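Student: I have a model open and would like to learn how to read it. Can you take me through its features?

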Amino acid sequence: QVQLVQSGGGLVQAGGSLRLSCAASGSIFRINTMGWYRQAPGKQRELVATITSTGSTNYADSVKGRFTISRDNAKNTVSLQMNSLEPEDTAVYYCNAQVLTPYYTQNTYWGQGTQVTVSS
């Protein structure tokens, strides 16, 4: 079993910054891609950013230049630094990890979700 525990988030004014963190624990042999997704009210969950185990990153066009994803492979953590936040960034943010277990099965896990609210 693998758990992803998120921290960070909250309420911020437009133009402000927030940092989200996510720590994975449990039956982990290796974590491949980690990422952040978000879901705004009435909308589908969408990709925000991903990072591979070798550090290659991918961002949604809407957050490029404002958000930075990073990870610490030794600690099995992934973070999302969010700068120049806009009201449109308001959503519940979820971390995601593709985990290879000691039994050589790969499963996808999700964090519990964290509310980010940006006021105008």
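Tutor: Start with a strand pair. Strand β3 (residues 18–26) and strand β8 (residues 77–82) pair in the antiparallel sense over six bridges. Strands here are DSSP runs of E, at least two residues long, and helices are runs of H or I of at least four, numbered from the N terminus. Two strands pair if DSSP finds at least two bridges between them.

Student: What should I know about the model itself?

Tutor: It is predicted: local features need pLDDT of at least 70, side-chain atom pairs count only at pLDDT 80 or more, and totals for chains, interfaces and linings use all residues. Residues are numbered from 1 along each chain as its sequence is written, and side-chain values use heavy atoms, leaving out hydrogens and water.

Student: Which residue is the bridge partner of A23 in β8?

Tutor: T77.

Student: In what order do the strands of the open sheet run?

Tutor: The order is β1-β3-β8-β7, four strands with antiparallel pairing. β1 (2–8) and β7 (67–72) stand at the edges with a single partner strand each, so one side of each has no neighbour in the sheet. From one strand to the next, the twist averages 15°. For angles, axes are lines fitted to C-alpha atoms, for helices over the stretch in contact, and values run from 0 to 180 degrees between N-to-C directions.

Student: Where is S79, and is it buried or exposed?

Tutor: S79 is in strand β8. Its relative accessible area is 11%, so it is buried. Buried means under 20%, exposed over 50%, partly exposed in between (1.4 Å probe, protein chains only).

Student: Which residues is S79 in contact with?

Tutor: Contact means heavy atoms within 4.5 Å. Leaving aside neighbours within four places in sequence, S79 touches R19, L20, S21, W36, T68, I69 and S70. The side chains of S79 and S21 are also joined by a polar contact of 3.4 Å. That term means a pair of N or O atoms within 3.5 Å; within protein, one must be able to donate a hydrogen and the other to accept it, and residues adjacent in sequence count only if both atoms are side-chain atoms.

Student: How many salt bridges does the structure hold?

Tutor: First the idea. Side chains of opposite charge can pair when their charged atoms come close. The cut-off is a side-chain nitrogen of Lys or Arg within 4 Å of a carboxyl oxygen of Asp or Glu. The structure holds five. In one of them, D89 pairs with R38, the closest N and O atoms being 2.9 Å apart. That pair links distant parts of the chain: D89 in the loop between β8 and β9, R38 in strand β4 (residues 30–39), 51 residues apart.

Student: Which other residue meets D89 in a salt bridge?

Tutor: R66, at 2.8 Å from N to O. R66 lies in the loop between β6 (57–59) and β7 and D89 in the loop between β8 and β9, so this pair ties together parts 23 residues apart in sequence. A network of salt bridges links R38, E46, R66, E86 and D89.

Student: Are these residues, D89, R38 and R66, buried or exposed?

Tutor: D89 is buried at 1% relative accessible area. R38 is buried at 6%, and R66 is buried at 11%. Now take K64, which forms a salt bridge with D61 at 3.1 Å between the closest N and O atoms. D61 is exposed, at 64% relative accessibility.

Student: What about backbone angles? Where is N76?

Tutor: N76 is in the loop between β7 and β8. Its phi is positive, about 55°, although N76 is not a glycine. N76 is partly exposed, at 21% relative accessibility.
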